[in-house]
Amino acid sequence: MTGKTRDGKGSFGRVSRRQFVAGASALGVAAGLTPFGSRQAMAAGEVKVLNWQGYGTDEKWALEAFKKATGLDVVHEYYNSESEMITKLQTNPGAYDVIVTNSAWNDRASELGVIQPIDTAQISHFGDLNPAFRDSDLLGADGKVYGVSWVWGITAVAYSTEVFKETPKSLEALWDAKNAKRVSFRDDAIEAVSFAAIATGQDMNHPKDLAKVKEKLLALKPNLAMLWSSEDDWNKQFQAKAFDISIYWSGSALRSKNNFKLPVGFVVPDEGAVGWFDGLAIGKDAPNAEGAHKFIDYMIDPTFYVEWATKVGAPASANNAAMGALPESDDKTLYSDQAAIKRLQFMAPLTDEERQAYSDLWAEVKTEFAK
Amino acid sequence: MTPTTRTRWAILGLTGPAYLWLACTIFLPIAAMLALSFLDKSPLVPKPASFTLANYGAFFGKPFYWSLTRWSIELGFWVTLFSFLIGYPAAYALAKRVKGRWREAIFLLIVLPFWSNALVRIFSWTMVLRPNGIIDLGVQSVLPGAPTVDLLFTYPAVIIGLVHSYLPYMILTCYIALQAIDDSLIEAGRSLGANKLTTFRRVVLPLSLPGIISGSALIFVPVIGSFMEPRILGGTKGATLGMNIEEQFTVTANWPLGAALSFILLAIVLVIFGMLYPFLRKQSGAA
């Protein structure tokens, strides 16, 4: 519910030193000490899940309900970054049943052959899924489904409703001289490049004119108050009035407003914003593929989703029936705005070269910011 | 006395485990990193990697790496200087003026910050330096209507945080050097007609130089590689090569480039110490 619940695409997010150490040691474990690192889920009564910690699949009440319905125990292993997830899948083949994969990473996993096609006939709620996510190229390959769309969210503009009497509808508000020293971005190369690409009218994932992107980001300098790193950081700085308008994550913005009672408004600008979605995949040679299908079906079940969203707080469900079953709330209003959803560009896989180019560009821009 | 076979074995037996430990925990990982810095792909990528110099080339080809390196070195210089200006007088007072139980108590106060996590200390500083923070409220209560004191996300904030983190190293090394100076040497200087300042300049300062140098080295080296403090206290104004190296490992997953940048930083440190070496040797010989 707090920083524990993951929002946005933590993939390229800044990782704290502790998380990095945890990640690095997990890599060490994966590389050298496999027998100690992962008890292979041999038992037929077990489903082994690989996910971020505190991200839906490990809710205790849910696992109890799932056990009651199917008799299956769910065992978890966690990752701290998507590249760690890929490494774990490669070093422990046949160890995992269900893996949570981001839209920008599912392709990579299927390409590497670490996940297997899903038999959608076994997923009873598959027909209720929003076709925009369900049939996305990002979750399939060669006409086969490699990921069942699960949840999705928006990265767009959050602003102080105390300062902005009118909703800032254009992305240009971030560059507006009126907001000098009042703007914040996340310290994240891909997010920064994506928004500069959207602001200059380009394809967010593969902008053709990187020089324009760089110029746009450099123009941010007089307006930029700070770069934020985590939801917790954002809340603290917003409360201390360090900035008034910022790139932010939808789920986090709703939590800031509802749980922390901060005067936060959230808008998908006219120019567009970033969308992301997570899928549920099945590991290659999964020890319990049948159980994996059952667990995925339960994860997209409206009863699970409504309880998760109302009790704990969750991103939007990719299941139309689940969204329909959600009681009226800010979440529901935001995620049901079809016009806004149309303006989103969804995160696609990037090549290593692109990732490096964006990272270099952002490092260069940040160096200019510091001058 | 030449060591007999027996003492040789004793030396080997006593130091061997320590060297073996160092070899396993320090030398091998660093050697692996050095090898990594010449590869074109991270070990995380399943494709075979090949030899390349491109990672080192990237540093020389992109001017922003130069700016970052220069700022890192400047930061190291300022932090070391301020640590000396604050730490040396404190060490002098402790070694030569304060005696008995007071000394123990003050020592405890100096070492105390080490007992808390570095991250906690740095975050505490954000509460002190921000507008409406402790400094700002203090100034406002004395001078109502004074302009807001907002030091957070500025270069001075980074220096303040780093000096606070590393000051104990300077105090402790200078204290040890100063304490070793025989008081009779100072008295001899005084009795030969030197005034206090001259005695300090000609006797105390040269004799404590090894302490100052080792304290400076202990501070300078980690500070030019620092990344956590500049990010938290400096915001957009804190940019160092260390931050870029950290990002290569955690964000971009380009370990080879991160490794190459680390070794460039290491080379710069070695060059700086190489230049200081003749000076160091002369001093330790004189002491």
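Which residue of chain B forms a salt bridge with A:Lys366, and how far apart are the closest N and O atoms? In this predicted model, the partner is B:Glu247, and the closest N and O atoms of the pair are 2.7 Å apart. Across the interface of chain B and chain A, 2 salt bridges are found, together with 4 residue pairs in polar contact, where both residues have pLDDT 80 or more. On the side of chain B that touches chain A, at least two residues each are supplied by helix 3 (63–97), helix 10 (228–234), helix 11 (241–250) and helix 12 (255–286) of chain B. Helix 11 of chain B gives the largest share of this side, with 6 residues. Classified by residue type, the side of chain B that touches chain A comprises 15 nonpolar, 7 polar and 6 charged residues. In total, 28 residues from chain B and 30 residues from chain A take part in the contact. The area buried between chain B and chain A is about 2,500 Å², with 58% given by carbon and sulfur atoms.

Within chain A, the domain assignment gives domain 1 (17–152 + 275–328) and domain 2 (154–274 + 348–370). The centres of domain 1 of chain A and domain 2 of chain A, taken over C-alpha atoms, are separated by 29 Å. Their contact involves 10 residues from domain 1 of chain A and 9 residues from domain 2 of chain A. About 750 Å² is buried between domain 1 of chain A and domain 2 of chain A, and carbon and sulfur atoms give 53% of this area. On the side of domain 1 of chain A, the most area is lost to domain 2 of chain A by A:Ala104, A:Gly275 and A:Trp276, which together account for 46% of what that side buries.

The count between these two domains of chain A is 1 salt bridge and 0 residue pairs in polar contact with both residues at pLDDT 80 or more. Helix 5 (106–111) and strand 12 (273–283) of chain A are the elements that give two or more residues to the side of domain 1 of chain A that touches domain 2 of chain A. That side has 5 nonpolar, 3 polar and 2 charged residues. A salt bridge is formed by A:Asp352 and A:Arg108, with the closest N and O atoms 4.0 Å apart.

Helix packing was examined in chain B. The axes of helix 4 (residues 101–111) of chain B and helix 7 (residues 155–179) of chain B come within 10 Å and cross at roughly 150 degrees. Helix 4 of chain B contributes B:Arg103, B:Phe107 and B:Ile110, which meet B:Pro168, B:Ile171, B:Leu172, B:Tyr175 and B:Gln179 of helix 7 of chain B. The residues of this contact comprise 6 nonpolar, 1 polar and 1 charged.

Technical notes:
Residues numbered from 1 in each chain as written. Chains lettered and ligands numbered in written order. Predicted model: local features only at pLDDT ≥ 70, side-chain atom pairs only at ≥ 80, totals over all residues. Heavy atoms only, no water. Axes fitted to C-alpha atoms, helices over the stretch in contact; angles between N-to-C directions. Helix = DSSP H or I, 4+ residues; strand = E, 2+ residues; numbered from the N terminus. Contact = heavy atoms within 4.5 Å. Nonpolar A, V, L, I, M, F, W, Y, C, P; charged D, E, K, R; others polar. Domains from an automatic or database assignment. Buried area = accessible area lost by both parts, 1.4 Å probe. Salt bridge = Lys/Arg side-chain N within 4 Å of Asp/Glu carboxyl O. Polar contact = N/O pair within 3.5 Å; in protein donor to acceptor, adjacent residues only side chain to side chain.
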